[in-house]
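Try each task before you read its solution.

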Amino acid sequence: MLITVDDDPNSLVDLLWVREAWNLNPVGEDLPSLLSDDSVRAHAPTGSTDAPAAWVEAWPGMWNACIHHAGLLQDSTIFDQLQHTLDGSPERANLLANMVGPSWKSSFGDEAFTEKKKTWNRSQFQARTQRRPTSLADDPERLSLSALIPAWQAGLTKIVTIPCQGSYTRVIGQHTLLVTDETRDDHERYNEALKQFR
């Protein structure tokens, strides 16, 4: 059994940070809860925001596009294909776009990302490394093995986590489960989340 865990999905985390740092209030179905680390909201503008209206309107669609891409299994031949394309060629650009997927930066540039984003990224990296189990016996997947095995038998091969509050569990694609870090860190909640993949 091979399960991949992506605990730092860049495009998803960027979207979550932009939403809170710019006090966006996107409207849509099935959007994730707020970030667990409320320091982003503490520095966000209150009331009206300076963010372009296009950002608010685009956010739900970007979220859906990014979680769709996160749910795809990576083509194992893509690196070989890249080696056989010329720098700057349309073929290489298409392969890279397929590999990286949609992102806030590719649609709107870097304007939304301030120095606070770099600081927040560093704190998130430290939190992730401190949260990692110190022994194999404490690994969330090992602790939830009785729920993981049936999910794997049903096709689960990838788990994507996001640093949001509470539970937000979604099956994205044929082989991927999206959960919050809080869900994955809680044995009982993780068992219940894994049962959704059947």
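**Exercise 1.** Decide whether E115 is buried, partly exposed or exposed, and state which helix holds E115.

*Solution.* Start with the class limits: a residue counts as exposed over 50% relative accessible area. In this predicted model, E115 has a relative accessible area of 54%, so E115 is exposed. Next, place E115 in the chain: the residue lies in helix α7, which covers residues 115-131.

**Exercise 2.** Which residue forms a salt bridge with D8, and are D8 and its partner buried, partly exposed or exposed?

*Solution.* The cut-off for a salt bridge is 4 Å between the side-chain nitrogen and the carboxyl oxygen. D8 and R128 meet it, with their closest N and O atoms 3.4 Å apart. This pair links distant parts of the chain, since D8 sits in the loop between β1 (4-6) and α1 while R128 is in helix α7, 120 residues apart. Now compare accessibility with the limits: buried means under 20%. D8, at 29%, is therefore partly exposed, and R128, at 11%, is buried.

**Exercise 3.** Find how far apart the closest N and O atoms are in the salt bridge of D14 with K117, then do likewise for E141 and R184.

*Solution.* For D14 and K117 the distance is 2.8 Å. D14 belongs to helix α1 and K117 to helix α7, 103 residues apart. Both D14 and K117 are buried. For E141 and R184 the N to O distance is 2.7 Å. Here helix α8 (residues 140-143) holds E141 and helix α10 (residues 181-185) holds R184, 43 residues apart. E141 has 8% relative accessibility, so it counts as buried; R184, at 15%, is buried too.

**Exercise 4.** Describe the largest pocket: how much space lies in it, and which residues are closest to its centre?

*Solution.* The space comes to about 440 Å³. Of the 21 lining residues, S11, H69, Q74, M99 and V100 are the closest to the centre. Sorted by class, the lining has nine nonpolar, six polar and six charged residues. Helices α1 (10-21), α3 (53-70) and α5 (90-100) each supply at least two of the lining residues.

**Exercise 5.** Which residues make the nonpolar surface patch of about 340 Å²?

*Solution.* They are M1, L145, I149 and W152. L145 is found in helix α9 (residues 145-153). With 33% relative accessibility, L145 counts as partly exposed.

Notes:
Residues are numbered from 1 along each chain as its sequence is written. This is a predicted model: local features need pLDDT of at least 70, side-chain atom pairs count only at pLDDT 80 or more; totals for chains, interfaces and linings use all residues. Side-chain values use heavy atoms; hydrogens and water are left out. Patches are made of residues with over 30% relative accessible area and no salt bridge: like charges are joined within 9 Å, nonpolar side chains (Val, Leu, Ile, Met, Phe, Trp, Tyr) within 5 Å. Accessible areas come from the Shrake-Rupley method with a 1.4 Å probe; for residues, only the protein chains shown count as cover. Helices (H or I, at least four residues) and strands (E, at least two) are DSSP runs, numbered from the N terminus. Buried means under 20% relative accessible area, exposed over 50%, partly exposed in between (1.4 Å probe, protein chains only). On a 1 Å grid over the protein atoms alone, a cavity is a set of points where a 1.4 Å probe fits but cannot get out, and a pocket is an open set with protein on both sides within 12 Å along at least five of seven lines; lining residues have an atom within 4 Å of a point. Grid points are joined across faces, edges and corners, and a volume is the space filled by probe spheres set on the points. Ala, Val, Leu, Ile, Met, Phe, Trp, Tyr, Cys and Pro count as nonpolar, Asp, Glu, Lys and Arg as charged, and the others, Gly among them, as polar.
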